[in-house]
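Visitor: Please walk me through this model, starting with the overall fold and ending with the backbone.

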Amino acid sequence: MANQPVIWPAPAKLNLFLHINGRRADGYHELQTLFVLLDYSDELTFDIHDSGCITVSPDIDGVPVQQNLIYKAARLLQQLSKCPLGADIHLTKRLPMGGGLGGGSSDAATTLVALNHLWGLHYDLDTLAELGRQLGADVPVFVRGHSAFAEGVGEQLQPVEVDEKWYLVLHPQVHVSTALIFQHPQLPRETPKRTWQELRAGSWKNDCEMVVKNDYPEVAKAFSWLLEYAPSRMTGTGACLFAEFEDELSARKVLANKPKWLEGFVARGVNLSPLHAVWQQVCEANQHLV
Ligand SMILES: C[C@@](CO)(OP(=O)(O)O)[C@H](O)COP(=O)(O)OP(=O)(O)OC[C@H]1O[C@@H](n2ccc(N)nc2=O)[C@H](O)[C@@H]1O
Ligand SMILES: Nc1ncnc2c1ncn2[C@@H]1O[C@H](COP(=O)(O)OP(=O)(O)O)[C@@H](O)[C@H]1O
């Protein structure tokens, strides 16, 4: 039987809180956020060849290949390393786009980590995270592969151990543009900065929630529906919201009741990224071969 290709996961994240502390001269926002990785992922496979070409399939509707973060990540790595190898990359998309789950950023991070390994480049995680930062503020946390408290524009990361709770994630099927929310005149930008020690005790909120609820009635409607069952919060700049549960069954019971206009899934919050778990397995398997 032919060897099955390795499936490299690109997990979702939730922002358990997202506090906006100010706006910088370059337009980017200073924020404090708690990223928790989920065991629910897009999946990528990589077929390496020596033509030097990069292909990504299937096409993502509305995203030309040169704009696809997978393609951009592969090209960036190729340019830095002058690697003559190429790759045919296949994506199985499970994470809703523009949902605040970081799917595109995670796809980019998985591409950097996987091609670094498969092309034999041996860059360390600091180098890959810095490359990732050039692609998007959310990419470094996925490269580093651990749930983390983040500051700055999201690139100053401190790995933290979170309770690995269960989450119901609901997608109200609208696409929210991160750039538009950050330009919003009514966005609150003055939450005082606090230390992680202060923040870990609670008082968590998402400063983007109110403007998104006001501008996207579907998001407000989803919050109203979920309120019957559990308190909830938005992740990132939306549109997804989530509720936390102690066990899987409780989360699945609420999911089973959801109306048709809501998409959703249940996943576990994890400290170590599923990407890094697979990477470790691949390295161990290679060691057995030599
Ligand atoms: C705010 C977060 C929280 O996780 O939102 P989500 O995208 O996940 O919803 C992320 O850090 C987003 O990261 P990412 O989606 O990679 O952002 P980028 O592509 O770098 O930036 C998209 C746009 O958002 C704005 N932006 C982004 C991050 C930031 N700290 N301040 C900003 O003002 C900028 O206008 C930028 O043009
Ligand atoms: N591989 C990719 N997967 C998803 N979105 C991508 C990808 N490459 C580029 N994009 C662009 O990034 C935007 C944000 O996507 P995504 O990361 O899924 O959302 P969010 O940042 O809200 O979590 C998409 O609307 C799309 O235009």
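**Overall fold**

Guide: The protein chain has 290 residues, and a compact globule of that length would have a radius of gyration near 19 Å (taken over C-alpha atoms; the rule is 2.2 Å times the number of residues to the power 0.38). The protein chain agrees with this, at 19 Å. This is a predicted model, in which local features need pLDDT of at least 70 and side-chain atom pairs count only at pLDDT 80 or more, while totals for chains, interfaces and linings use all residues. Residues are numbered from 1 along each chain as its sequence is written, and chains are lettered from A and ligands numbered from 1 in the order in which they are written.

Visitor: How many helices and strands are there in the protein chain?

Guide: Both are DSSP runs numbered from the N terminus, with helices (H or I) of at least four residues and strands (E) of at least two. On that basis the protein chain has 10 helices and 10 strands.

Visitor: Which residues does UniProt list for "active site"?

Guide: The entry is unreviewed, its positions are given in the numbering used here, feature names are shortened, and annotations may be inferred rather than shown by experiment. The listed residues span 126 residues in sequence, yet no two of their C-alpha atoms are more than 9.5 Å apart, so they gather at one spot.

Visitor: Is Lys-13 buried or exposed?

Guide: Lys-13 lies in strand 1 (residues 8–23). Leaving aside neighbours within four places in sequence, its contacts (C-beta atoms, placed from the backbone, within 7 Å) include Phe-35, Leu-101 and Val-141. Because Lys-13 has 27 C-beta neighbours inside 10 Å, it counts as buried.

Visitor: Which residues does Asp-138 touch, not counting those up to four places away in sequence?

Guide: Asp-138 lies in the loop between helix 3 (125–135) and helix 4 (139–144). It is buried, with 28 other C-beta atoms within 10 Å. The residues that Asp-138 touches are Gly-102, Ser-105 and Gly-154.

Visitor: Where does Gly-100 lie?

Guide: Gly-100 is among the residues that UniProt lists for "binding site" in the unreviewed entry. It is buried, with 29 other C-beta atoms within 10 Å, and its contacts beyond four places in sequence include Met-234, Gly-236 and Cys-240. Gly-100 lies in the loop between strand 4 and helix 2.

**Ligands**

Visitor: Which elements give two or more residues to the shell around ligand 1?

Guide: A residue belongs near a molecule if its C-beta atom, placed from the backbone, lies within 6 Å of it. By that count 20 residues surround ligand 1, with His-29, Gly-136, Asp-138, Val-153 and Gly-236 closest. The elements giving two or more residues are strand 1, strand 2 (29–49) and helix 5 (178–182).

Visitor: How many residues of the shell around ligand 2 are charged?

Guide: Of the 18 residues around ligand 2, Leu-69, Met-97, Gly-103, Gly-104 and Asp-107 come nearest. Helix 2 provides the largest share, 4 residues. Ala, Val, Leu, Ile, Met, Phe, Trp, Tyr, Cys and Pro count as nonpolar, Asp, Glu, Lys and Arg as charged, and the others, Gly among them, as polar. The shell divides into 6 nonpolar, 11 polar and, as charged, 1.

**Backbone**

Visitor: Which residues does the cis peptide bond with omega near 10° join?

Guide: Most peptide bonds are trans. One cis bond joins Ser-57 and Pro-58, with omega about -10°. The cis bond with omega near 10° runs from Gly-238 to Ala-239.

Visitor: What is phi of Lys-82 near?

Guide: Most residues other than glycine have a negative phi. Lys-82 is in the loop between helix 1 and strand 4, and it counts as exposed, with 6 C-beta neighbours inside 10 Å. Its phi is positive, near 55°.

Notes. A residue is buried if 20 or more other C-beta atoms lie within 10 Å of its own, exposed if 12 or fewer, and partly exposed in between; C-beta atoms are placed from the backbone. Two residues are in contact if their C-beta atoms, placed from the backbone, lie within 7 Å.
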